[in-house]
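Reader: I would like to go through a structure feature by feature. Please take the overall make-up before the details.

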Amino acid sequence: MARRNQGGLAEAVMELFALMPWWVGVIAAPLFYLLLHPVATQAVPVATEVGQYGAMATRTMWKTFALFGQYLLPFFSLVGAAMSAWRRRQRRRLAAEVAQNPSAGVLDGMSWREFEMLVGEGFRLQGFRVVETGGGGADGGVDLVLSRPGQNGSEKYLVQCKQWRAYKVGVDVVRELYGVMAARGAAGGFVVTSGRFTDEARRFASGRNVELVDGPRLRQLIQKARGAGVQPARQEPALKTPAAPVASAPAQRDGDERPNCPVCGKRMVRRVAKRGASAGAPFWGCVDYPGCKGTRGMG
């Protein structure tokens, strides 16, 4: 979804704290005052020589900023905290409505902002830490950044939300997110829509670390998560994180030349792509397919 229109400093500060937990703004308010008040009340020495005028001007500028900032920054941070608390309440309300209403129209009737808030709450219910990037509007870009402890520390996942009612999400959207994931070093990504995906988009995502979540599946996930509460850290989540593709590995040397699956560890079998841009090309596929969709290239 598109970025919001750029506003002034006041709007930027309030939006920054609105994207954080509400208590961050509450704590920041008195800290701003305690930091700026001594500067605002400090006397500026009068310049007696020509070389001192520059330092006097700088100190006067900082004192003026602190004089207003000691009141304005705490106010803006508290407003941002109130916005954060309100959005938290809205997210929970939206998730409750979806969990209690099996109709597909419950998603179609949402605005793009409500849909983005709902998706974020859905991932929170799955045990992710969610950061809203401030996206908004009609289309394009990463809307949520997810993190959750993994085998190699905290893993990052990118989410793109598509509140498209009239037509299916095509392959270009999935390709766009896949490119951003590579550029930002994300472990995986999700494209979430209130509608459906085209067959080409699903084929492109198959075997890659991109998970496609359509409207019916999103409703099911939220209903399941709300029924069970927040997923414990050791419990298998309702929504599995997409596994990153692994580069081709050397074949096993124990008499069987087949490599192991990068997802489940089982031996792989030689397959030939039947569709898409790689049609006719050989690759290693998991023997447990379609239960496991792990693949390796054939170097």
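Author: The protein has eight helices and eight strands. It is a predicted model, with a mean pLDDT of 79. Of its residues, 77% reach a pLDDT of 70 or more.

Reader: What share of the contacts joins residues at least 24 apart?

Author: The count takes contacts between residues at least 6 apart in sequence, and 58% of those join residues at least 24 apart.

Reader: Where does pLDDT stay under 50?

Author: One such stretch is residues 136-140, for which the model has 19 contacts beyond four places in sequence. Another is residues 230-237, with 11 contacts counted in that way.

Reader: Now a single side chain. Is Glu 132 buried or exposed?

Author: The general idea is to compare the relative accessible area with a cut-off: under 20% is buried. Glu 132 counts as buried because its relative accessible area is 4%. The residue lies in strand S1, which covers residues 129-132.

Reader: Which side chains make polar contacts with Glu 132?

Author: The side chain of Arg 91 makes one, at 3.3 Å. The side chain of Arg 113 makes a polar contact of 3.2 Å with that of Glu 132. Setting aside residues up to four places away in sequence, Glu 132 touches Leu 19, Arg 87, Arg 91, Arg 113, Arg 124, Asp 143 and Leu 144.

Reader: How do strands S4 and S5 run, and how many bridges join them?

Author: Strand S4 (residues 188-193) and strand S5 (residues 210-213) run parallel, joined by four bridges. From S4 the chain passes through helix H7 (residues 199-205) to reach S5, a β-α-β crossover that is right-handed. Two of the pairings can be picked out by residue. Gly 189 has Val 210 in S5 as its bridge partner, and Val 192 stands opposite Val 213 in S5.

Reader: What about the cover on S4: which residues are buried on each side?

Author: A strand can be read one face at a time. On one side of S4, Gly 188, Phe 190 and Val 192 are buried. On the other, Gly 189, Val 191 and Thr 193 are buried as well. Six of the six residues of S4 are thus buried.

Reader: Next, a loop. Where does Gly 170 lie, and which residues does it touch?

Author: Gly 170 is in the loop between strand S3 (153-162) and helix H6 (171-184). Beyond four places in sequence, Gly 170 touches Thr 198 and Ala 201. Gly 170 and Thr 198 are 28 residues apart along the chain, while their C-alpha atoms are separated by 5.4 Å.

Reader: And a helix residue: is Ala 28 buried or exposed?

Author: Ala 28 lies in helix H2, residues 22-41. The relative accessibility of Ala 28 is 12%, so it counts as buried.

Reader: Which residues is Ala 28 in contact with, leaving aside neighbours within four places in sequence?

Author: They are Phe 17 and Ser 77. Between Ala 28 and Phe 17 the C-alpha to C-alpha distance is 9.2 Å, at a separation of 11 residues in sequence. A contact counts heavy atoms within 4.5 Å, so a C-alpha distance should be read separately from it.

How values were computed:
Residues numbered from 1 in each chain as written. Predicted model: local features only at pLDDT ≥ 70, side-chain atom pairs only at ≥ 80, totals over all residues. Heavy atoms only, no water. Helix = DSSP H or I, 4+ residues; strand = E, 2+ residues; numbered from the N terminus. Buried < 20%, exposed > 50% of the residue type's maximum accessible area, 1.4 Å probe, protein only. Polar contact = N/O pair within 3.5 Å; in protein donor to acceptor, adjacent residues only side chain to side chain. Pairing = 2+ DSSP bridges. Right-handed = clockwise from strand over helix to strand, strands pointing away. pLDDT = per-residue confidence, 0-100.
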